[in-house]
Amino acid sequence: MIQDSETVDAFLARHASDVEETVRRAAALEIMPRWQRLAAHEIDQKAGPHDLVTDADRKAEQYLTEQLVALLPGSVVVGEEAVHANPASYEAIRGEVPVWIVDPVDGTRQFVHGEAGFCTLVALALRGVVLASWTYAPAREQFATAIRGQGAFLAGERLHAGPPEPGRDLRVATSHPDYTTQEQKRALLGLWTKGVAPRACGSAGLEYLAVARGESDATAFSWEAAWDHAAGLLLVEEAGGTHLTRTGEPFRITGDNDLPFTAARDAATARQVAALLSGGAA
């Protein structure tokens, strides 16, 4: 059974491109044929009207689960839809074997509405450390990848987030109010201040990509689900950015974080946003 990072590193050296091809096939077979063609019976609610799941989510996750485990024997998958069916399966993220963290359609609400702002997210982690990530927005023909210590790339071009332009308001994507507690709403209100331009986020994966590309300055998210964050956090890190919780610690995909947290294009911006979320100033 695979249990050490050196073995995973060797796997990535040989098979990172195979993972990318697997993600592309999942989108081609199960997601894009249903985009803008969903029938009512192919859409269901989970926790409520803003928490949707479609046949594309379920079938793409099933395909990815089968193919990724076949690529890396001994690994396990933590997927959004499987965890919804069996919450205990989330504990594999804290385990001792490589885990694929999968969000088959990140931005399901946008997907249901026929918009292009959705993506497929896959990350490979071991003992709570994300080692590689794949972010695919098929309707936008964008594919971003990252391997820890080797950089972040979009369509083969290396990403460098860089610092924000001096004198411009910080562009910060924040959690939608429907997904925040009253305490988190109060924390997020810290961003409504001079020098910051907050807005509601779309697909988390695409918001992380925007930070890694330097198109957005930071995120401020209030939930921990690893499938929304794992791939994007590594993408931002490898593009030169960082992430912090309100207590100034890096976000942990294993949980128990002080929320909301931020991912930003550089360390200074992360500290500034984290301080505002904590009710202080950087």
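Me: Which ring does the charged end of Arg24 sit over?
Reply: This is a predicted model, so it's the predicted side chains we're looking at. The charged end of Arg24 lies 5.2 Å from the ring centre in question. That ring belongs to Tyr136.

Me: How many aromatic pairs turn up in the whole structure, and is the one between Tyr136 and Phe143 stacked or edge-to-face?
Reply: Searching the whole structure gives 10 aromatic pairs. For Tyr136 and Phe143, the centres are 4.9 Å apart and the planes make an angle of 25 degrees. Planes under 30 degrees apart fall in one class, so this pair is stacked.

Me: Are Tyr136 and Phe143 buried or exposed?
Reply: The cut-off to keep in mind is under 20% relative accessible area for a buried residue. Tyr136 makes it, and so does Phe143. Both residues are buried.

Me: What do we call the pair formed by the rings of Phe221 and Trp223?
Reply: Their centres are 4.9 Å apart, with the planes at 40 degrees. Stacked needs under 30 degrees and edge-to-face needs over 60, so an angle between those goes to the remaining class. The pair is therefore tilted.

Me: Which of these two, Phe221 or Trp223, is buried and which is partly exposed?
Reply: Buried means under 20% relative accessible area. Trp223 has 21%, so it counts as partly exposed. Phe221 has 0% relative accessibility, so the buried one is Phe221.

Me: Which residues form one aromatic cluster?
Reply: Phe221 and Trp223, the tilted pair, are both in it. The cluster as a whole is made up of Tyr208, Phe221, Trp223, Phe251 and Phe261.

Me: Where is Thr174, and is it buried or exposed?
Reply: Thr174 sits in strand β10, residues 170-174. Leaving aside neighbours within four places in sequence, its contacts include Leu188, Trp192, Cys201 and Phe221. Its relative accessible area is 3%, and under 20% is the cut-off, so Thr174 is buried.

Me: Which element gives the largest share of the largest nonpolar core?
Reply: That core has 42 residues, and those with the most contacts inside it are Ile101, Leu159, Tyr208, Leu235 and Ile253. Several elements supply at least two residues each, among them β4 (99-106), α6 (204-213) and α7 (226-238). Eight residues, the largest share, come from α7.

Me: What does Leu159 touch?
Reply: Leu159 is one of the core residues with the most contacts inside the core. Setting aside residues up to four places away in sequence, its partners include Ala152, Phe153, Leu209 and Ala212. Leu235, which is also on that most-contacts list, is another residue that Leu159 touches.

Me: Which residues have a positive phi although they are not glycine, and are they buried or exposed?
Reply: Ala155 has a phi of about 50 degrees and lies in the loop between β8 (151-154) and β9 (157-158). Asp256 has a phi of about 60 degrees, in the loop between β13 and β14. Exposed means over 50% relative accessible area. With 66% for Ala155 and 67% for Asp256, both count as exposed.

Key:
Residues numbered from 1 in each chain as written. Predicted model: local features only at pLDDT ≥ 70, side-chain atom pairs only at ≥ 80, totals over all residues. Heavy atoms only, no water. Helix = DSSP H or I, 4+ residues; strand = E, 2+ residues; numbered from the N terminus. Buried < 20%, exposed > 50% of the residue type's maximum accessible area, 1.4 Å probe, protein only. Contact = heavy atoms within 4.5 Å. Phe/Tyr/Trp six-rings, centres within 6.5 Å; stacked < 30°, edge-to-face > 60°. Lys NZ or Arg CZ within 6 Å of the ring centre and 35° of its normal. Core = buried A, V, L, I, M, F, W, Y, C linked by side-chain atoms within 4.5 Å.
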